[in-house]
Amino acid sequence: MNSSSWVVVGLDNGGTSNNATVLDDSRRFLVDSLVESPSHVGDGPEVAVGALIEALDHVLRLTGVARRSVRAVGLGTPGPASADGVISLKGGTNFSQAAWHGFDFRGVLEHRLGVPVIYNNDGNAAALYAHHAHFGRQATQRSSVSAIVGTGLGGGVIVAGQVIKGAAGMAGELGHVHIPMQGLLAEGQEVPKCQCGFVGDAESVASLTAIGQSLLPYWLTRFPDHELTRAKSIGEAAKLVRSLGEANDPLALEIFGQQAKALGRLFTIASNFIDPSAYFIGGGVVEASPTFREWFLARVREHTSLRKEQIEVATFALIPDLDMAGARGAALAALDSLDAL
Ligand SMILES: [Zn+2]
């Protein structure tokens, strides 16, 4: 039995599973590993909201906390959604069914639970966790930018310990910031296109989708005898690039080198916009071997053009506990909302 008088719960709603965590009133996480359960988002909002409530009850049982001790819940989901957790009218990758379009995910969950539910998109939630994990008690006096390389390029901007959400909830969409392509692309390499319709934005280079759609097809023309030319599909091949990078495969290093350059250029833009105290990198690359991820981080840093004054104060770091970062960030946002009352 846990001794704290009340808690908040963080729920990270993903395409296949929900992750849940519990944070007590002294900012201590009561869960130190991944607590996962099926998210059922493919079965529509009604079933998915039920699954989230089950995820909450499950993590409470694990930690020996009663439901009545929960003062607020943090919810994180992939976007696009409004700042207040209403899924886009056009749906999204995880929310393709018509019933999801314009669904007030946060509002419905809050109604069902009877406690305040605080919404953040999953990138912003992970960015908030990275910020607090790195700065601890100094979090409210610092700013940071997080870039999380997954299927797309997510992340967030934190200023004074708070997520910058923007007027329409679309701040911190780092993946769709255009970056200079000159000196990034190799000879004869076409300017890559993003899913969002932009040409040459950060996600068009620094994402798993970018590897499959443009980087790998190009680099295979430069390494025609490479083992990946025999992969079943380009999608399968793209997934193998990371482990090849860990083994110092020259083709994989070209690809990750371009991604690091893209992130460095993105951070250079960030340095002129908000001049943050820290630059964080997360995603699949963080789950790679320590040597590889340190190599990657060093390359990103090398390609971020900071002024001398900025170099003296800025840090570059990897996002820790990445599989739990979304749920933990959602919980921190819920706790902060109570502190603000
Ligand atoms: Zn884009």
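**View 1. Zinc site of the predicted model.** H176 (ND1), C194 (SG), C196 (SG) and D201 (OD) coordinate the zinc ion at 1.9 to 2.3 Å. Donors are N, O and S atoms within 2.8 Å of the metal (3.2 Å for Na, K and Ca); water is not among the atoms, so sites may look incomplete. Along the chain, the donors of the zinc ion are spaced H-x17-C-x1-C-x4-D. The arrangement is tetrahedral, because the four donor atoms subtend angles of 106 to 116° around the zinc ion. D201 is buried, at a relative accessible area of 0%. C196 has 39% relative accessibility and counts as partly exposed. Buried means under 20% relative accessible area, exposed over 50%, and partly exposed in between (1.4 Å probe, protein chains only).

This is a predicted model, in which local features need pLDDT of at least 70 and side-chain atom pairs count only at pLDDT 80 or more, while totals for chains, interfaces and linings use all residues. Residues are numbered from 1 along each chain as its sequence is written, and side-chain values use heavy atoms, with hydrogens and water left out.

**View 2. Helix α3, residues 122-135.** Helices (H or I, at least four residues) and strands (E, at least two) are DSSP runs, numbered from the N terminus. The 14 residues of α3 should span 20 Å at 1.5 Å a residue, and the end C-alpha atoms are 20 Å apart, which agrees. The expected span is 1.5 Å times one less than the number of residues. N121 caps the N-terminal end of α3. A side-chain oxygen of N121 lies 3.0 Å from the backbone nitrogen of G123. Just after α3, G136 takes a positive phi of about 55°.

**View 3. Surroundings of α3.** The helix is mostly covered, with 11 of its 14 residues buried. Among them are G123, N124, L128, Y129, H131, H132 and F135. The buried residues of α3 pack against several strands, including β5 (117-121), β6 (143-149) and β7 (153-159). They also pack against α9 (322-339).

**View 4. An open sheet of five strands.** The order is β8-β7-β6-β9-β10, and the pairing is mixed. The edge strands are β8 and β10 (315-318), each pairing on one side only. Two strands pair if DSSP finds at least two bridges between them.

**View 5. Strand β6 and its partners.** β6 and β7 pair in the antiparallel sense over seven bridges. A hairpin of three residues joins β6 to β7. S144 has I158 in β7 as its bridge partner, and V145 stands opposite V157 in β7. β6 and β9 run parallel, joined by six bridges. Here S146 has F280 in β9 as its bridge partner. Seven of the seven residues of β6 are buried. S143, V145, A147 and V149 point one way from β6, whereas S144, S146 and I148 point the other way.

**View 6. S271 in helix α6, residues 250-273.** S271 counts as buried, at 3% relative accessibility. A polar atom of the S271 side chain lies 2.6 Å from the backbone oxygen of T268. S271 touches P276, Y279, S305, L306 and Q310, not counting residues up to four places away in sequence. Contact means heavy atoms within 4.5 Å.

Terms used:
Polar contact = N/O pair within 3.5 Å; in protein donor to acceptor, adjacent residues only side chain to side chain. Tetrahedral: all angles 85-135°; square planar, octahedral: opposite > 155°, others 65-115°.
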